[in-house]
Amino acid sequence: MTLRDGERGIFPARKGRVYPLTLRAGKIHQHSGQTIPHDRLIGTEDGATVTLSGGAVFVALRPTLAEYIMKMPRGAQVIYPKDLATILLWADIYPGATVVEAGIGSGALTMTLLRAVGESGRVISYEIRDDFAQRALDNIAMYLGKVGHHVLRRQDINLGIEEREIDRLVLDLPEPWQVVPEAVRALRTGGIFLSYLPTVPQVVKVVEALQGSGAFGLIETFETLHRPWNIEGRSVRPALRMVAHTAFLTVARKLVTPVAVFNEIEPA
Ligand code: SAH
């Protein structure tokens, strides 16, 4: 795997930090007064060491999806990698699945879903803001290239979901309880509803809407904490800083006959 001309989001990495860069033949990259011609990066192996004009040593890397998401241009706030990873298993996103999401925001979740469903699946994104939609499409194209299994609907999802018999519905918007009645119509039985919400009053509203809908069971709410550790000689301890809060995930299954007892999940 070698780095190519025109490739976006190459990161020369140093001391655990990554810096975005788009490779363009003939251009010169500058970093803290030191330079390296892009032509020296083009054709190098993914992970190779490169030396700048002043002797600083960097690693040329094609970014992982998580690295790319944290450095890509943002319109709306993105879902962080720790939550994207969790969403993939708790919403059980599988190859071939049809997934509806709203809103598209900066496209971080969209890219994660597109990779997980693969080309035999489909991701349909609802978004009300044209500027966010355009930014997201640019971000997606920059990393994934041309994708044939993505559909963008510039529509308010509160006004309806056009699709029926969908496998999964993932909502990252402020009032997902408004979507619950339509989620009942759009999801297949056994399908999964997932919402991503930053505050507790929002979580209460969505859970009450799911419980009151008469269609969902196995309703579960949780958050994930990701605490990095420092492992350096005798300094083996948690990192001094962490992202303390992002959002709560609420997950529910659409059942044929929801029974109240199914709404409690027994701890393993
Ligand atoms: N998940 C995205 C971020 C979404 S931010 C990411 O990972 O990058 C929330 C988005 O929802 C915003 O773009 C906002 O415009 C959109 N939105 C809010 N209400 C909506 C609605 N009713 N229908 C469709 N999109 C909506």
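Which residue just after α4 takes a positive phi? That residue is Gly118, with a phi of about 70°. The structure is a predicted model.

**Helix α4**
- Helix α4 spans residues 108–117.
- Nine of the 10 residues of α4 are buried, so the helix is largely enclosed by the rest of the structure.
- The buried residues of α4 are Ala108, Leu109, Thr110, Met111, Thr112, Leu113, Leu114, Ala116 and Val117.

**Helix α3**
- Helix α3 covers residues 81–90, and its buried residues are Lys82, Asp83, Leu84, Thr86 and Ile87.
- An α-helix has 3.6 residues a turn, so residues three or four places apart point the same way.
- Helices α2 (65–71) and α4 are among the elements that cover the buried residues of α3.
- Strands also take part in this cover, including β10 (166–171), β11 (187–197), β12 (216–222) and β15 (248–254).
- Just after α3, Asp92 has a positive phi of about 50°.

**The open sheet**
- An open sheet is built from four strands in the order β2-β1-β6-β5, with antiparallel pairing.
- At the edges stand β2 (17–18) and β5 (48–51), each with a single partner strand, so one side of each is left without a neighbour in the sheet.
- Strand β1 (residues 11–14) runs antiparallel to β2 and is joined to β2 by two bridges.
- Arg14 stands opposite Arg17, a residue of β2.
- Strands of a sheet pair through backbone hydrogen bonds, either parallel or antiparallel.

**The β3-β4 hairpin**
- Strands β3 and β4 form a hairpin, and two residues lie between them.
- Ser32, in the turn, has a positive phi of about 45°.
- Strand β3 (residues 28–31) pairs with β4 in the antiparallel sense, over four bridges.
- Across this pairing, His29 stands opposite Ile36 in β4.
- Strand β4 (residues 34–37) has two faces: Gln34 and Ile36 make up the covered one, while Thr35 and Pro37 make up the uncovered one.

**A nonpolar surface patch**
- Trp229, Ile231 and Val236 make a nonpolar surface patch of about 340 Å².
- One of these residues, Ile231, lies in strand β13 (residues 229–232).
- Ile231 has 63% relative accessibility, and it counts as exposed because the cut-off is over 50%.

Terms used:
Residues numbered from 1 in each chain as written. Predicted model: local features only at pLDDT ≥ 70, side-chain atom pairs only at ≥ 80, totals over all residues. Heavy atoms only, no water. Patch = residues over 30% accessible without salt bridge, like charges linked within 9 Å, V, L, I, M, F, W, Y side chains within 5 Å. Areas by Shrake-Rupley, 256 points an atom, 1.4 Å probe, with all protein chains shown as cover. Salt bridge = Lys/Arg side-chain N within 4 Å of Asp/Glu carboxyl O. Buried < 20%, exposed > 50% of the residue type's maximum accessible area, 1.4 Å probe, protein only. Pairing = 2+ DSSP bridges. Contact = heavy atoms within 4.5 Å.
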